[in-house]
Amino acid sequence: MSSTSSMVLGYWDIRGLAHAIRLLLEFTDTSYEEKRYICGEAPDYDRSQWLDVKFKLDLDFPNLPYLMDGNNKITQSNAILRYIARKHNMCGDTEEEKIRVDIMENQIMDFRMQLIRLCYNSDHVSFLSRHQLSKFPFYCCSHQPNLCWWWLFSLSFPLFQEKMKPQYLEQLPGQLKLFSLFLGKYSWFAGEKLTFVDFLTYDVLDQNRMFEPKCLDEFPNLKAFMCRFERQVTGPVHNQGEGIAQT
């Protein structure tokens, strides 16, 4: 690692909102340590590992994920991404690139929330509680909607509300078409320069691809973007020996 001192990234012991951050830290060869908090099993979902220290870390807005870098203490996942990206000139150079970065940063989070709302539907959570939620060890807590929700739908979704899946999939091509048109012939979403929003976008598209493996088939430029990112970013990251692929 190139840095002389390590940042500390705090988050639950899952992929979630920290995945893009971890990828960016690894890609930029940043020295960092992780503090992973474990949520207990059903039915109590003990969160004491985090709650015991939540208000003792001198965070302005105590939350997960957080990043500590010397005197700088940052919460909110996109603020963390921007902080890292600024150190490596990955926020866009021209005004046009910066505008595209700003748009994508917010648009892709709106898109992410649609899948989160689907998987954390209150009826869905109630159903799982009635059907021995402890069978799903990666499901953490219905009060923490940013926890490992992709584990939730990959493990438990087949048991419930198949009527909601067609509704989501019906609107999905229209959403993806907008991202496809925005990307156009560019290599990256800001243009020809890799920026932090590509890490965000890859993460969210990958989650939708896990949800519906064929969802990108109609959009060759999005598939090419995913392949390009995996070839140029996640490939080198995985080769560094960090457990990113397992998170």
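Student: At what angle do H4 and helix H8 pack?

Tutor: This is a predicted model. H8 covers residues 196-211. Its axis and that of H4 lie 9 Å apart. The packing angle is about 25°.

Student: Are H4 and H8 roughly parallel or roughly antiparallel?

Tutor: Their angle is about 25°. Angles under 35 degrees count as roughly parallel. H4 and H8 are therefore roughly parallel.

Student: How do the residues of the contact of H4 with H8 divide?

Tutor: On the H4 side, the residues include Val 101, Met 104, Glu 105 and Arg 112. They meet H8 residues, among them Phe 196, Leu 200, Asp 203 and Phe 211. The contact divides into three charged, three polar and 13 nonpolar residues.

Student: What is the handedness of the crossing of H4 and H8?

Tutor: The two helices pack with their axes 9 Å apart. Their crossing is left-handed.

Student: Are H4 and H7 roughly parallel or roughly antiparallel to each other?

Tutor: H4 spans residues 95-119, and H7 spans residues 164-183. They pack at about 170°, axes 11 Å apart. Angles over 145 degrees count as roughly antiparallel. H4 and H7 are therefore roughly antiparallel.

Notes:
Residues numbered from 1 in each chain as written. Predicted model: local features only at pLDDT ≥ 70, side-chain atom pairs only at ≥ 80, totals over all residues. Heavy atoms only, no water. Axes fitted to C-alpha atoms, helices over the stretch in contact; angles between N-to-C directions. Helix = DSSP H or I, 4+ residues; strand = E, 2+ residues; numbered from the N terminus. Parallel < 35°, antiparallel > 145°, perpendicular 65-115°, else oblique. Left-handed = near helix turned anticlockwise from the far one by under 90°. Contact = heavy atoms within 4.5 Å. Nonpolar A, V, L, I, M, F, W, Y, C, P; charged D, E, K, R; others polar.
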